[in-house]
Amino acid sequence: MSNSSSLTQFLLLAFADRRELQLLHFWLFLAISLAALLANGLILSAVACAHHLHTPMGFFLLNLSLTDLGCICTTVPKAMHNSLWGTTTISYTGCAAQLFLFAFFISAEFSLLTTMCYDRYVAICKPLHYGTLLGSRACAHMAAAAWATGFLYSLLHTASTFSLPLCQGNALGQFFCELPHILKLSCSHSGYLREIGLIVVSACLIFGCFVFIVFSYVQIFRAVLRIPSQQGRHKVFSMCLPHLAVLSLFISTGVFSNIKPPSISSPSLDLVVSVLYSVVPPALNPFIYSLRNQELKDALRKMMTG
């Protein structure tokens, strides 16, 4: 038995035992990370350089790309390193940093997606007040609040988790340092309950954001159905579909990974699900937004053709 004071490293879950499959995972993760870096980098450059994209949605999309880059750069490099060199270890400090950064970027991303939902709601349901409610100062304050929420959330959970005595070994059943898997190593009942209390409070806040999102989209769809022309309805749906697709991908993968039935749980399935919610969304988000946003596609085309 060991405790947290004597722990110097954790053992991460390996993707495969065979060397060929480890190298396959390395090249697969390399391709996904390069695609995510390139796509999000292009969106950042396009929004920064194209003046017609200096809108509230463009500003929030820029911030969303930053969180996607942060998620990819937090989890994938260490997984690639372990697959390439055939190791499974991560240092105690590195694990704490990875947990903090991943929680920070994931919670900031959810806050930004909620804010972007508010942007769509105001644009469609209260278009006459759009300039007033979503001015440059208001957008800056909302983005700052999203980042601050992510920082506070990750700081509280990381400090609480790594203050617990860990005496159940050092093997994590995950390819990166994730909160539930570290909690399984704890042997402190009171500390465990404290962290569970933080998780319950966080879940209530997340549920409140989810209720706001559902309410906003109900109002949006009601407003869309009142538009007389089919062309007008199609234009409004085109404005909302990218955000709705990104939001659905983010929520569905995250919810399934946390509440999947124990009867179907297995290390292989847990590994696939964790990749689906931690790696795939940051890589797909820029493609989803660029597919239905003609202004963004035009800006990217002009930037790439000089």
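Select Glu20 and Arg18 to start: their side chains meet in a salt bridge, with 3.9 Å from N to O. The model on screen is a predicted one. Color the pair by accessibility and Glu20 comes out as exposed, as does Arg18. Side chains of opposite charge can pair when their charged atoms come close.

How many salt bridges are there by this rule? The count comes to two. For the other pair, select Arg120 and Asp119, whose side chains meet at 2.6 Å, N to O. Are these two residues buried or exposed? Arg120 is buried, and Asp119 is buried as well.

Next, select helix H3, residues 92-125. H3 has 34 residues, and from its first C-alpha to its last it reaches 49 Å. That is close to the 50 Å expected at 1.5 Å a residue. Now show the rest of the structure around the helix. Of the 34 residues of H3, 27 are buried, so the helix is largely enclosed by the rest of the structure.

Stay in this part of the chain and select residues 97-118. The UniProt annotation "transmembrane region", from an unreviewed entry, covers this span. Residues 97-118 are 100% helix and 0% strand, and their end C-alpha atoms lie 32 Å apart. Residues 196-218 are also among the spans with that annotation in the UniProt record. Select them as well: residues 196-218 are 100% helix and 0% strand, with 32 Å between the end C-alpha atoms.

Now turn to the nonpolar cores. Which residues touch the most other members of the largest nonpolar core? Phe29 and Phe175 do, in a core of 57 residues. Helix H3 supplies the largest share of this core, 12 residues.

Select Phe29 and display its neighbors. Leaving out residues up to four places away in sequence, Phe29 touches Phe15, Val76, Ala79, Met80, Phe175 and Val275. There is also a second, separate core, made of 17 residues. To find this second core, select Leu7, Phe10, Cys95 and Leu164, which are among its members.

The last stop is Ala148, in helix H5, which runs over residues 136-161. Why does Ala148 count as partly exposed? Its relative accessibility is 45%, and partly exposed covers values between the buried limit of under 20% and the exposed limit of over 50%. Finally, select Ser111 together with Ala148 and draw a distance between their C-alpha atoms. Ala148 and Ser111 are 9.8 Å apart in space and 37 residues apart in sequence.

Conventions
Residues numbered from 1 in each chain as written. Predicted model: local features only at pLDDT ≥ 70, side-chain atom pairs only at ≥ 80, totals over all residues. Heavy atoms only, no water. Core = buried A, V, L, I, M, F, W, Y, C linked by side-chain atoms within 4.5 Å. Buried < 20%, exposed > 50% of the residue type's maximum accessible area, 1.4 Å probe, protein only. Helix = DSSP H or I, 4+ residues; strand = E, 2+ residues; numbered from the N terminus. Contact = heavy atoms within 4.5 Å. Expected span 1.5 Å × (residues − 1). Salt bridge = Lys/Arg side-chain N within 4 Å of Asp/Glu carboxyl O. UniProt positions renumbered as here; feature names shortened; annotations may be inferred.
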